[in-house]
Amino acid sequence: MNSPDADGLLAEQLLRLTRRLHRIQKRQLEPIGITPAPARLLRTVASYDTPPRMADLAQRLEVVPRAVTSLVDGLEASGSVRRVPDPTNRRVIRIELTDTGRATLRALRVARRSAAEEVLAPLAAEQREVLGGLLSTLVDGGPEPRC
């Protein structure tokens, strides 16, 4: 059985690793001209088979719709997405990737891979596999407590 101190240390190490990964990823995103929040929104838009509604994005990202609106505004200004009317309901607006957005996504994938390689460099292939399994267990492990 783990002691509370050991669990606390593990939690602190996970937080430090997350912060380090964010710093590295932010540095990798700088040349692309995008910050982590819009990058996440762009990846989320791309994950849908058909262009999503703003409400879909807010729900998937677990943020308030107002936050999605601001992010979409910025991505639209950069030419990465565009607002398009829903073909079946003219009151609904969907968010569609543009060619610029798809090119940005390709650059994002390269940047994320590079950031991951930098963080994982000290680990052998077998260690990476074990870590991946452990992280999957933690991510998929159960419901999060409600506050």
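Arg19 is found in helix 1 (residues 4-29), where helices (H or I, at least four residues) and strands (E, at least two) are DSSP runs numbered from the N terminus. The model is predicted, so local features need pLDDT of at least 70 and side-chain atom pairs count only at pLDDT 80 or more, while totals for chains, interfaces and linings use all residues. Residues are numbered from 1 along each chain as its sequence is written, and side-chain values use heavy atoms, with hydrogens and water left out.

At 45% relative accessibility, Arg19 counts as partly exposed; buried means under 20% relative accessible area, exposed over 50%, and partly exposed in between (1.4 Å probe, protein chains only). Together with Arg16, Arg20 and Arg23, Arg19 forms a positive surface patch. Such patches are made of residues with over 30% relative accessible area and no salt bridge, like charges being joined within 9 Å and nonpolar side chains (Val, Leu, Ile, Met, Phe, Trp, Tyr) within 5 Å. Lys and Arg count as positive and Asp and Glu as negative, whereas His and the chain ends are not counted.

Helix 3 (residues 54-61) has Met54, Asp56, Leu57, Ala58 and Leu61 as its buried residues. These buried residues pack against helix 2 (36-46), helix 4 (65-77), strand 1 (81-85) and strand 2 (93-97). Just after helix 3, Glu62 takes a positive phi of about 60°.

In the loop between helix 2 and helix 3 lies Pro51, which is partly exposed with a relative accessible area of 26%. If neighbours within four places in sequence are left aside, Pro51 is in contact with Arg94, Ile95 and Glu96, contact meaning heavy atoms within 4.5 Å. The C-alpha atoms of Pro51 and Leu75, which are 24 residues apart along the chain, are separated by 15 Å.

Thr104, in helix 5 (residues 99-120), counts as buried at 15% relative accessibility. Leaving aside neighbours within four places in sequence, Thr104 is in contact with Ile32, Ile34, Leu42 and Ser80.

A salt bridge is taken as a side-chain nitrogen of Lys or Arg within 4 Å of a carboxyl oxygen of Asp or Glu, and by this rule the count comes to seven salt bridges. The table lists some of them.

| Salt bridge | N to O distance |
|---|---|
| Arg83 and Asp73 | 2.7 Å |
| Arg94 and Asp86 | 2.5 Å |
| Asp99 and Arg102 | 2.9 Å |

For the salt bridge of Arg83 with Asp73, the closest N and O atoms are 2.7 Å apart; Arg83 lies in strand 1 and Asp73 in helix 4, so the pair ties together parts that are ten residues apart in sequence. Arg83 is partly exposed, with a relative accessible area of 28%, and Asp73 likewise counts as partly exposed, at 39% relative accessibility. In the pair formed by Arg94 and Asp86, by contrast, both residues are buried.

Asp99 and Arg102 both lie in helix 5, three residues apart, which is about one turn of the helix. An α-helix has 3.6 residues a turn, so residues three or four places apart point the same way. Asp99 is exposed, with a relative accessible area of 59%, whereas Arg102 is partly exposed, with 35%. Elsewhere, salt bridges that share partners join Asp73, Glu76 and Arg83 into one network.

How values were computed. Accessible areas come from the Shrake-Rupley method with a 1.4 Å probe; for residues, only the protein chains shown count as cover. The place of a charge is taken as NZ of Lys, CZ of Arg, CG of Asp or CD of Glu.
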